[in-house]
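Me: I would like a close look at a single part of this model. Please keep the account plain.

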Amino acid sequence: MRYPPMLARVAVGGPPRAFRLWVPLFLVWALLLVLLLPLLAVATLALALAPRRWRFGPAARGAWVTVCETRGTTIELSPAHGQPHARDLTISLH
Amino acid sequence: MNEERLRILNLLAAGKISAEEADRLLDALGAPRAGDTASPGGSAAPGSPRYLRVVVESDKPDQTGKVNVRVPMNLLRAGVRLAALLPAGVHEQINGALREKGVDFDVSRIKPENLEEIVEHLGELTVDVEGDRGERVRVYCE
């Protein structure tokens, strides 16, 4: 079964004093689902009336698959050494 | 289980490397992990690249930072499939915008049925660009 990223691992700063955080994205998805249901109904209506007919079903499925496939994405940013207050930042989606 | 993977896990068990280091080493080996499931429909063929890596680094680390981005190939596959759903008028707008930037390319020619071929060829792709200020951009698949 396909499912979206459930956890985001965020690390700020490098070893040995890195601040690590596991963000429970599954809670965000649940909240978003509740919040987006009315918007989804409006979007469906708008797309049905749009002059350029988007195929809503395949488009929604494609968008969902795209969100799900973000699992495994990793972004690592290291600032220049000349920036004393900047910290390394790593975000990875699981 | 192959020998290299077993060695990494033994090092982890012996406490000689941290879990993060083990994770990084297993990534480098391209080993499948518990959380990584092949996607139905968009699954990668064995031996085909799993990730697109974009690395920006510099000879002068005190002036320029480092960026390291790993994007799953399945995300690219999903993006191309999604792009194929765009109405024709939108394709023309994108083509026009690309032409303005000097890229003469027709996005409507990217078809989902050609996707595996594109991904397969991406595996052989390596972009290596060096800038005037010593920065280096590398794009490759792994």
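In which helix of chain B is B:Leu115 found?

Reply: This is a predicted model, in which local features need pLDDT of at least 70, side-chain atom pairs count only at pLDDT 80 or more, and totals for chains, interfaces and linings use all residues. Residues are numbered from 1 along each chain as its sequence is written, while chains are lettered from A and ligands numbered from 1 in the order in which they are written.

B:Leu115 is found in helix α5 of chain B, residues 115-122. Helices (H or I, at least four residues) and strands (E, at least two) are DSSP runs, numbered from the N terminus.

Leaving aside residues up to four places away in sequence, B:Leu115 touches B:Arg77 and B:Val80. Contact here requires C-beta atoms, placed from the backbone, within 7 Å. From C-alpha to C-alpha, B:Leu115 and B:Val80 are 7.6 Å apart, although 35 residues separate them in sequence.

Next, the contact between the chains. Chain B and chain A each bring 24 residues to the contact. On the side of chain B that touches chain A, the elements giving two or more residues are β2 (66-72) and α3 (73-83). The most comes from β2(B), with 7 residues.

β2(B) also pairs with strand β3 of chain A (residues 74-78), in the antiparallel sense and over 5 bridges; pairing needs at least two bridges found by DSSP. Within β2(B), B:Lys66 is the bridge partner of A:Ser78.

Note on methods. Two residues are in contact if their C-beta atoms, placed from the backbone, lie within 7 Å.
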